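Hi,

Here is the structure I promised to pass on. Have a look at it first, and then read on for what turned up when I went through it.

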Amino acid sequence: MPVTVEGVEYLSADEAAEALGVKRETLYAYASRGRLRSYRRGTGRARLYRADEIRALTQIRADRPPDYLVDASTWMDGNA
């Protein structure tokens, strides 16, 4: 169930991961790499994620064609 704080809707880690179609570990990796911000919930370790940021990420994923893969030869130097 989303939480609203000062008019801003937040999702739990489970809700955010489900909305993105990823595991919680992947969600945490997004946050640690700066692709997504997380917010402390209370004094514990629980984190919240802004629903609007999750929606924005789902839109980015939806905009890519399903077969979106970059040919490795375009970014490798050929010395492999």
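Let's start with the two helices H1 (residues 13–20) and H2 (residues 24–32): their axes come within 9 Å of each other and cross at roughly 95 degrees. Axes here are lines fitted to C-alpha atoms, for helices over the stretch in contact, with angles running from 0 to 180 degrees between N-to-C directions. Helices (H or I, at least four residues) and strands (E, at least two) are DSSP runs, numbered from the N terminus.

Before going further, a word on the source: this is a predicted model, in which local features need pLDDT of at least 70 and side-chain atom pairs count only at pLDDT 80 or more, while totals for chains, interfaces and linings use all residues. Residues are numbered from 1 along each chain as its sequence is written, and side-chain values use heavy atoms, with hydrogens and water left out.

Back to the helix pair. On the H1 side, Ala13, Asp14, Ala16, Ala17 and Leu20 meet Arg24, Leu27, Tyr28 and Tyr30 of H2, where contact means heavy atoms within 4.5 Å. Sorted by type, these residues come out as seven nonpolar, no polar and two charged.

Since Asp14 lies in H1 and Arg24 in H2, the pair ties together parts that are ten residues apart in sequence. Asp14 is partly exposed at 48% relative accessible area, and so is Arg24 at 38%. The cut-offs are under 20% for buried, over 50% for exposed and partly exposed in between (1.4 Å probe, protein chains only).

As for the rest of H1, its buried residues are Ala13, Glu15, Ala16, Ala17 and Leu20. After H1 comes Gly21, which has a positive phi near 75 degrees. Lys23 sits in the loop between H1 and H2 and counts as exposed, with 62% relative accessibility. From Lys23 to Ala13 is ten residues in sequence and 9.5 Å in space, C-alpha to C-alpha.

Now for the other charged pairs. How many salt bridges does a search of the whole structure find? There are four, a salt bridge being a side-chain nitrogen of Lys or Arg within 4 Å of a carboxyl oxygen of Asp or Glu. One of them joins Arg55 to Glu9, with 3.9 Å between the closest N and O atoms. Arg55 is in helix H3 (residues 51–63) and Glu9 in strand S2 (residues 8–12), so this pair links parts that are 46 residues apart in sequence. Glu9 is partly exposed, at 32% relative accessibility. In another, the side chains of Asp52 and Arg50 meet at 3.0 Å, N to O. Both ends are partly exposed, Asp52 at 36% and Arg50 at 23%.

Neighbours within four places in sequence aside, Glu53 touches Leu36, Arg37 and Tyr39.

Beyond four places in sequence, Ile54 contacts Leu11, Ala16, Ala19, Leu20, Leu27, Leu36 and Tyr49. Leu20 is 34 residues away from Ile54 in sequence, yet 7.1 Å away C-alpha to C-alpha.

Finally, the overall picture: the chain has three helices and four strands, in the order β-β-α-α-β-β-α from the N terminus. Of its 80 residues, 21% are buried. Among contacts with a separation of 6 or more, 43% are between residues 24 or more positions apart.

Cheers

Methods:
Nonpolar A, V, L, I, M, F, W, Y, C, P; charged D, E, K, R; others polar.
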